[in-house]
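Please read the points below with the coordinates open.

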Number of protein chains: 2
Amino acid sequence: MDSVSSYIESNRDQFAADLAELLRIPSISAQAEKNAETRRAGEWVASQFKNMGLKPEVIPTKGHPLVYAETPAVPSKPVVLCYGHYDVQPPEPLDEWISPPFEPTVRDGNIFARGATDDKGQMLTHVKGVEAWIKSVGKLPIQVKFLIEGEEEVGSQNLEPYVGQNREKLACNAVVISDCSQFAPGIPAITYGLRGIAYYELKLRGPKQDLHSGTFGGAITNPANALTTLLAALRDKDGRVQVPGFYDEVVPLTDREREEYRKLPGTEAEFMQSVGVTGMFGEAGYSAIERRWARPTFDINGLTSGYQGEGAKTVLPAKASAKFSFRLVPNQDPTKITNGLRKFLEERLPPGIQMELVDHHGAPGVMVALESPYMAAAAAAIESAFGRAPVMIREGGSIPIVNTFADELGADVLLLGWGQNDDNTHSPNEKFSLDDYHRGTLASAALWEQIAKLSPTEKSKKK
Amino acid sequence: MDSVSSYIESNRDQFAADLAELLRIPSISAQAEKNAETRRAGEWVASQFKNMGLKPEVIPTKGHPLVYAETPAVPSKPVVLCYGHYDVQPPEPLDEWISPPFEPTVRDGNIFARGATDDKGQMLTHVKGVEAWIKSVGKLPIQVKFLIEGEEEVGSQNLEPYVGQNREKLACNAVVISDCSQFAPGIPAITYGLRGIAYYELKLRGPKQDLHSGTFGGAITNPANALTTLLAALRDKDGRVQVPGFYDEVVPLTDREREEYRKLPGTEAEFMQSVGVTGMFGEAGYSAIERRWARPTFDINGLTSGYQGEGAKTVLPAKASAKFSFRLVPNQDPTKITNGLRKFLEERLPPGIQMELVDHHGAPGVMVALESPYMAAAAAAIESAFGRAPVMIREGGSIPIVNTFADELGADVLLLGWGQNDDNTHSPNEKFSLDDYHRGTLASAALWEQIAKLSPTEKSKKK
């Protein structure tokens with residue numbers, strides 16, 4: 001392991017240059033006009049595997065391709081599947097970026113670019129950890145399989161069936177994913193819970209075209225008015241979602257969890273300052289951490305209607321639309337929630353308005369086994385690289401594919417986040433600390449050694 | 001008058017070509033980048049007056065210039081001030097125009113372009129009516145003064161003080177304005193009432209920048225959620241505005257008016273078909289015509305927040321904004337309503353949200369004298385040109401400057417609309433019937449003759 005670490009140390013600059021190269025590719029999976037760029041990012045990842053002597057596959061799907069590679073099998077040792085994604089979120093609003101989103105720029109030890117932390121930088125730590133073993137020792141102490149997709153930011157719709165149809169190829173004892181955050185700078189973490197998501201677009205249509213709000217206003221339903229009324233009705237004044245049955249299956253926080261969360265460092269005042277707000281609001285009866293990690297939400301992600309330019313325009317718009325999402329927690333069922341939502345909206349639809357509800361993607365929340373030998377191995381690897389044992393946290397974001405891996409492959413899932421909460425994921429000025437990139441690579445390389453100490457038949461105690 | 005009419009008949013094509021020339025100038029007063037074009041439209045109008053031998057002034061203001069011209073004084077005859085505007089609404093959404101908004105195109109006897117009916121075409125009927133008198137008879141039977149502005153679509157903020165400061169120059173017995181519609185094709189109208197307006201932009205700001213809705217959602221107020229909640233609260237389920245005192249000063253419809261409106265042709269089914277809706281909604285207890293002409297409204301004119309592109313983006317937006325307006329009726333006071341609105345919103349502002357309420361422009365509603373000799377003169381002129389006596393109607397739109405003219409100049413106001421309700425004012429595919437353009441020009445020329453029969457000392461009975 002010493003020679004592996006030395007290789008990582010001496011290639012620190014090269015690894016950063018490789019990350020910058022990948023970050024220059026605008027692989028925005030949601031935008032069809034960027035399809036060629038998105039594919040190019042996948043091919044770039046495949047070329048990394050080829051350069052270390054593996055035989056990668058670029059697997060076509062109905063959407064963006066999957067990239068698969070594996071190191072040689074190691075008899076009597078566990079097998080790990082390492083998952084990540086090469087696609088990124090759209091970079092808008094562009095005018096808020098200090099440096100352009102696809103021109104990676106280093107400031108104060110951080111590399112700024114769309115995808116820096118989510119997930120190109122974090123994903124590459126595992127690629128580079130394997131490269132380090134191959135280039136220094138010549139082989140790995142366990143078999144590592146890589147499955148890197150290009151559709152995580154649009155719902156992983158083609159990865160999901162692929163996993164179900166390739167259980168033997170992907171067979172493993174543990175799945176390793178780095179697509180989340182440490183608890184705070186200097187406090188590494190292992191994530192044992194994720195929220196799910198149900199994302200929609202509600203499109204309302206009123207008159208056949210935009211009308212003069214003076215000549216026609218008052219006599220017909222304005223789709224923008226209808227939209228605000230429908231969306232406002234989805235929440236009560238205590239922040240509770242009003243779709244019938246929404247909370248029925250919610251797994252409540254345990255007393256133990258609430259106690260552990262209270263012990264974590266940081267105050268609400270610090271949190272408010274970090275995001276730049278002067279007040280907090282959320283579901284009554286819960287702390288900010290509980291609301292972010294373990295309670296479902298309703299957030300509007302986009303609103304569009306009528307005139308959005310400079311000055312005033314007295315238009316009664318023909319249409320209005322909103323993108324919005326619920327964050328879900330175990331055991332809420334996205335399908336049941338979609339059905340309840342559709343009924344809720346249809347029942348309240350005012351006269352003269354046509355509605356279309358687009359179901360963009362859904363994924364249930366996740367809780368992984370805390371008492372697993374793989375969890376202990378990960379904790380040891382992280383402690384060796386970061387100099388401190390990780391805390392056990394949940395995360396408010398979603399990695400829709402995690403449930404699929406757990407269910408289809410019967411594997412433990414290790415959510416090892418190297419990012420920081422202020423990395424501006426999905427926001428302008430996304431960044432990733434180059435120190436965290438380096439420590440994550442060291443931790444990844446150490447993890448293969450830790451897991452090599454386990455027996456592949458050793459099973460986790462599923463919670 | 002025969003030679004005047006002959007001139008108008010024989011110059012029908014030239015007048016249409018002149019209108020097309022003006023329509024080609026994108027004089028969008030709301031957009032600063034179009035300032036030079038807006039000015040060019042004003043200069044084009046001035047050149048029309050110059051070509052007929054008048055001495056126009058292009059009067060600078062803090063915004064877009066005013067154009068003034070007058071025909072020679074005629075002793076012992078009334079004086080008319082003719083008001084119109086050369087600026088236009090923004091043309092968005094551009095992709096819904098069949099032909100480009102600033103490339104005037106004739107289809108089925110209509111000329112399609114932004115500003116065709118509002119107000120370039122209607123305003124030009126009076127310019128051309130005067131040209132016809134000068135070019136055929138050599139002079140007019142009364143003095144006509146023109147005041148054409150370039151800021152009607154942004155609130156006439158510079159015209160208003162100009163009128164107050166130039167009462168002598170603008171002194172007149174009647175003000176003629178053609179910036180509204182006939183009742184229906186073949187049914188000309190005189191408009192005796194207009195709604196006022198109070199137009200706002202509400203800007204909400206939450207976190208210092210866009211955040212990941214998974215990592216942060218639930219713990220802070222989402223500005224887009226706050227916006228929909230605030231806007232929805234402005235109306236109850238019966239369509240009544242909830243700002244305290246909003247209805248206090250509303251002048252109720254008289255029994256006579258309601259009776260007259262019931263007699264007008266047209267059904268609600270026809271109205272629904274004309275705007276393309278399958279159901280109607282408005283303030284409880286009123287017909288569609290009453291709701292459009294004589295009851296106040298709340299309409300959202302634009303919504304903007306978060307991600308509006310293709311696909312899904314899980315963003316918690318830093319800001320959200322809405323443009324919205326109340327249509328007012330006599331005697332609601334825009335200033336009082338702004339104060340009530342601000343208080344209403346501030347009281348409901350959720351924690352962690354900063355609000356800015358921009359007051360774009362306001363104008364009270366208008367009722368003009370029905371029993372005026374000028375009204376009778378206008379009815380006679382319209383009947384001679386359109387072949388049918390006009391009906392007396394109100395109009396839901398606003399012409400903010402009308403009250404200023406009535407108050408500052410003590411003049412009767414004649415609202416003579418040559419447009420049609422389906423002219424797509426403020427909408428894509430705005431149009432103006434070339435037949436109405438021609439008949440409007442004939443009616444305008446006839447009006448100068450009708451008014452010449454009146455004594456300038458004859459006063460209207462103000463209602």
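The numbered points that follow concern a predicted model.

1. Relation of the two chains. Chain B is superposed on chain A by a rotation of 180° with 0.1 Å of shift along its axis, and the RMSD is 0.1 Å. This is the relation of a two-fold axis. In chain B, the C-alpha nearest that axis belongs to T228(B), at 2.2 Å from it. Both copies use the same surface, since 100% of the contact residues of chain B recur in chain A.

2. Extent and make-up of the interface. How many residues of chain B are in contact with chain A? There are 83 residues on the side of chain B, and they are in contact with 83 residues of chain A. Several elements of chain B each supply at least two residues to this side, among them strand 10 (211-212), helix 6 (213-216), helix 7 (223-233), helix 10 (288-293) and strand 14 (354-363). Strand 12 (315-316) and strand 13 (319-328) of chain B also each supply at least two residues. The largest share, 9 residues, comes from strand 11 of chain B. By class, the residues on the side of chain B that touches chain A divide into 28 nonpolar, 40 polar and 15 charged.

3. Strand 11 (residues 297-306) of chain A is joined to strand 11 of chain B by 5 bridges, and the two strands run antiparallel. Within this pairing, S305(A) has L303(B), in strand 11 of chain B, as its bridge partner.

4. A three-stranded sheet in chain B. An open sheet of 3 strands in chain B has the order 4-5-18, with antiparallel pairing. Strand 4 (105-107) and strand 18 (431-433) of chain B stand at the edges with a single partner strand each, so one side of each is left without a neighbour in the sheet. From one strand to the next, the twist averages 30°. Strand 5 (residues 110-112) of chain B is joined to strand 18 of chain B by 3 bridges, the two running antiparallel, and one of the bridge pairs sets N110(B) against S433(B).

5. The helix over that sheet. Helix 4 (residues 116-136) of chain B lies across strand 5 and strand 18 of chain B, and its direction is at about 40° to strand 18 of chain B.

6. Helix 4 against helix 14 in chain A. The axes of helix 4 (residues 116-136) and helix 14 of chain A come within 8 Å and cross at roughly 50°, which makes helix 4 of chain A oblique to helix 14 of chain A. Their crossing is right-handed. On the side of helix 4 of chain A, the residues that meet helix 14 of chain A include G121(A), T125(A), G129(A), A132(A) and W133(A), while those on helix 14 of chain A include Y437(A), G440(A), S444(A) and W448(A). By class, this contact has 5 nonpolar, 8 polar and 1 charged residues.

7. Helix 1 against helix 14 in chain A. The axes of helix 1 (residues 2-10) and helix 14 (residues 434-452) of chain A come within 10 Å and cross at roughly 160°, and helix 1 of chain A is therefore roughly antiparallel to helix 14 of chain A. Helix 1 of chain A passes helix 14 of chain A in a right-handed crossing. V4(A), S5(A) and I8(A) of helix 1 of chain A make the contact with T441(A), L442(A) and A445(A) of helix 14 of chain A. This contact has 4 nonpolar, 2 polar and no charged residues. T441(A) and A445(A) are also among the residues of helix 14 of chain A that meet helix 4 of chain A.

8. Backbone details to inspect. Where in chain B are the cis peptide bonds? One joins E92(B) and P93(B), with omega about 0°, and P93(B) is found in the loop between strand 3 (79-85) and strand 4 of chain B. Another joins P330(B) and N331(B), again with omega about 0°, and N331(B) is found in the loop between strand 13 and helix 11 (334-348) of chain B. In chain A, N429(A) has a positive phi of about 60° although it is not a glycine, and this residue lies in the loop between strand 17 (412-417) and strand 18 (431-433) of chain A.

Terms used:
Residues numbered from 1 in each chain as written. Chains lettered and ligands numbered in written order. Predicted model: local features only at pLDDT ≥ 70, side-chain atom pairs only at ≥ 80, totals over all residues. Axes fitted to C-alpha atoms, helices over the stretch in contact; angles between N-to-C directions. Helix = DSSP H or I, 4+ residues; strand = E, 2+ residues; numbered from the N terminus. Parallel < 35°, antiparallel > 145°, perpendicular 65-115°, else oblique. Left-handed = near helix turned anticlockwise from the far one by under 90°. Contact = placed C-beta atoms within 7 Å. Nonpolar A, V, L, I, M, F, W, Y, C, P; charged D, E, K, R; others polar. Least-squares fit on C-alpha atoms with pLDDT ≥ 70 in both. Pairing = 2+ DSSP bridges.
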